[in-house]
Amino acid sequence: MTMQLYNTLNSRKEPFTPQSPDRVTMYVCGPTVYSYAHIGNYRPPVVFDTLARVLRRRFGRVDYARNITDIDDKINAAAAKEGVDISVITDRYTAAYHADLQSLGVEPTTHEPRVTKHLPQIISMIETLISAGHAYAAEGHVLFNVPSYPDYGKLSKRDTREMLAGARVEVAPYKKDPGDFVLWKPSSPELPGWDSPWGRGRPGWHIECSAMSEAVLGETIDIHGGGHDLVFPHHENEIAQSTCAHGGKTYARYWMHNGFVNVNHEKMSKSIGNVLLVKDLLQTLPGEVIRLVLLTGHYRQPLDWTDEVASDARKKLDRVYGALRDLGDVKSAEGVTAPDAFIAALEDDLNTPMALAELFDLVRAANKADNDADKARIKAQLLDAGHLLGLLQQTPAAWFATASPSSASGITPEEIEVLVAARLTARANKNWAESDRIRDELKAKGVLVEDSKDGQRWRML
RNA sequence: GGCUGCGUGGCAGAACGGUCAUGCAGGGGACUGCAAAUCCCCGUACGUCGGUUCGACUCCGGCCGUAGCCUCCA
């Protein structure tokens with residue numbers, strides 16, 4: 001079975017084959033670092049990190065770029081407000097972004113291009129577009145001339161003429177065509193700016209991705225991803241710029257877009273006040289729980305974040321880690337990887353819900369296994385499946401000891417062990433009343449004690 | 001108004017033209033001093049109206065509802 005990916009360009013699943021049989025190139029639009037990122041901002045990194053793991057397994061090498069947008073008017077506004085250089089803002093929020101990614105188990109990308117490091121490439125691409133007749137300078141701006149690219153609107157299935165009717169933004173007088181968009185804009189003296197053939201200014205929003213993608217991955221990439229809202233205008237404009245700058249060569253062969261994250265059935269918005277920052281969620285939830293929530297639904301569907309889905313994810317991980325724990329010290333079998341059905345689910349347009357169903361089949365098999373050979377094989381399968389999803393990255397002991405930072409009642413593992421030892425003595429004397437009293441005491445402190453055939457064990461509730 | 005989706009059991013969430021999704025919750029049983037964990041068994045679905053078909057949750061059409069985008073936005 002060949003790998004299948006849904007391509008926004010053609011609105012259907014298509015067999016995926018990279019340009020080079022042993023190398024995949026992928027570019028995903030990254031964050032603008034002007035504030036802390038919310039849960040929705042992390043769906044693309046988690047989804048495409050998972051995809052990268054699957055692609056790497058199948059094709060060997062994945063050259064994956066996710067940019068940091070560190071030039072932007074929102075950054076300028078934040079810097080002006082604090083009276084600092086934009087680098088203070090962008091450094092701070094880039095570091096915060098990286099910290100969140102690590103908590104979510106997102107592996108570093110091959111490339112992480114920044115706009116401030118690619119001004120020459122951006123300017124060069126704009127010059128190419130001007131000399132090819134696709135762009136023009138006007139009043140300090142440089143604009144891309146949309147009518148010069150007949151395929152404009154193909155990705156988002158839009159008719160440029162119809163769009164004008166619904167246009168809700170005033171058309172700048174220097175535009176030749178109302179649909180023309182900015183490649184370069186002038187900066188007033190108090191704003192950050194860079195020298196260019198058109199005066200001191202800064203790049204428009206869309207050109208950065210075109211220029212950086214070319215710089216780090218080449219003119220034609222295999223996969224370009226991002227949030228669904230970027231289809232228009234951002235990705236439509238990227239296609240226009242890159243295709244025209246490259247003499248008509250295909251810019252990206254497969255376009256993938258993830259659905260939005262809602263919160264309690266509502267769109268996240270500052271006015272509603274329901275914006276969930278990942279750095280805040282991490283105060284009460286392990287990163288793996290957040291990651292699992294993001295993988296619980298198919299990436300193209302909207303995802304509703306509620307307390308219930310978070311607690312469901314936690315329980316799911318309890319179950320999987322529980323199976324791993326019961327596998328005990330059995331050494332996982334060499335050379336055994338995740339089951340074919342699990343891989344097949346992920347290779348079918350990254351069907352993570354179906355892959356998770358396969359994972360739970362494995363969990364049941366693990367819990368039923370009664371010999372070391374089966375246990376060794378299943379353990380290897382579980383760990384490999386977990387690795388592909390970016391989950392199960394800690395030991396069961398660590399998971400059960402820390403799975404709930406929220407309910408940490410201040411009790412230390414040492415104190416727990418003292419009580420557990422006292423309970424062991426009581427149990428040796430069949431003093432059930434004392435045994436149950438200690439169990440209740442621990443439970444009141446957020447610790448659940450269980451009696452297994454191997455003795456007592458505990459976990460944080 | 002234009003474009004693109006979606007509507008599955010108490011909740012979350014997939015697949016598939018005729019056979020189990022899966023997880024949580026719920027009911028019954030096994031195990032346990034009692035629990036917990038685990039295992040076994042069991043309910044509750046496919047927005048609505050038509051069409052195609054031997055047979056549709058799955059294909060087609062109408063309707064209703066709902067979400068996103070239409071140059072800030074993951």
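**Close-up views of a predicted protein–RNA model**

**View 1. Lys-368 meets a phosphate of RNA strand B.** In the side chain of Lys-368, an N or O atom is 3.1 Å from a phosphate oxygen of RNA strand B. Please keep in mind, here and in every other view, that this model is predicted.

View 2. Gly-227 takes part through its backbone: one of its backbone N or O atoms lies 2.5 Å from a sugar or linking oxygen of RNA strand B. Arg-457 uses its side chain instead, with a polar atom 3.3 Å from a sugar or linking oxygen of RNA strand B. Which elements give two or more residues to the surface near RNA strand B? They are strand E9 (221-227), H10, H12, helix H16 (432-444) and strand E14 (447-452). Among these, H12 gives the most, with seven residues.

**View 3. The surroundings of RNA strand B.** Now take in the whole neighbourhood of the RNA. In total, 49 residues surround RNA strand B, and the closest are Trp-205, Gly-227, Leu-230, Arg-427 and Arg-439. Of the RNA atoms that come within 4 Å of the protein, 67% belong to sugar and phosphate. What classes of residue make up this surface near RNA strand B? There are 20 charged, 15 polar and 14 nonpolar residues.

**View 4. An open sheet of four strands.** Here you can trace four strands in the order E5-E6-E7-E8, which form an open sheet with antiparallel pairing. At the edges are strand E5 (135-138) and strand E8 (201-203), each of which pairs on one side only. From one strand to the next, the twist averages 20°.

**View 5. Where E5 pairs with E6.** Let us zoom in on one pair from that sheet. E5 and strand E6 (residues 141-144) run antiparallel and are joined by four bridges. To find your way, look for Tyr-136, which stands opposite Leu-143 in E6.

**View 6. A cavity inside the protein.** How many cavities of 30 Å³ or more are counted? The count comes to one, and the largest cavity has a volume of about 50 Å³. Its lining consists of Leu-292, Lys-316, Leu-317, Val-320, Leu-356, Leu-359, Phe-360, Leu-391 and Leu-392. Helix H10 (307-327) and helix H12 (352-368) are the elements that give two or more residues to this lining. Sorted by class, the lining of the largest cavity has eight nonpolar residues, one charged residue and no polar ones.

Technical notes. Residues numbered from 1 in each chain as written. Chains lettered and ligands numbered in written order. Predicted model: local features only at pLDDT ≥ 70, side-chain atom pairs only at ≥ 80, totals over all residues. Heavy atoms only, no water. 1 Å grid on protein atoms, 1.4 Å probe; cavity = no way out; pocket = protein on both sides within 12 Å on 5 of 7 lines; lining within 4 Å. Points joined across faces, edges and corners; volume = space filled by probe spheres on them. Nonpolar A, V, L, I, M, F, W, Y, C, P; charged D, E, K, R; others polar. Pairing = 2+ DSSP bridges. Axes fitted to C-alpha atoms, helices over the stretch in contact; angles between N-to-C directions. Near = heavy atom within 4 Å. Polar contact = N/O pair within 3.5 Å; in protein donor to acceptor, adjacent residues only side chain to side chain.
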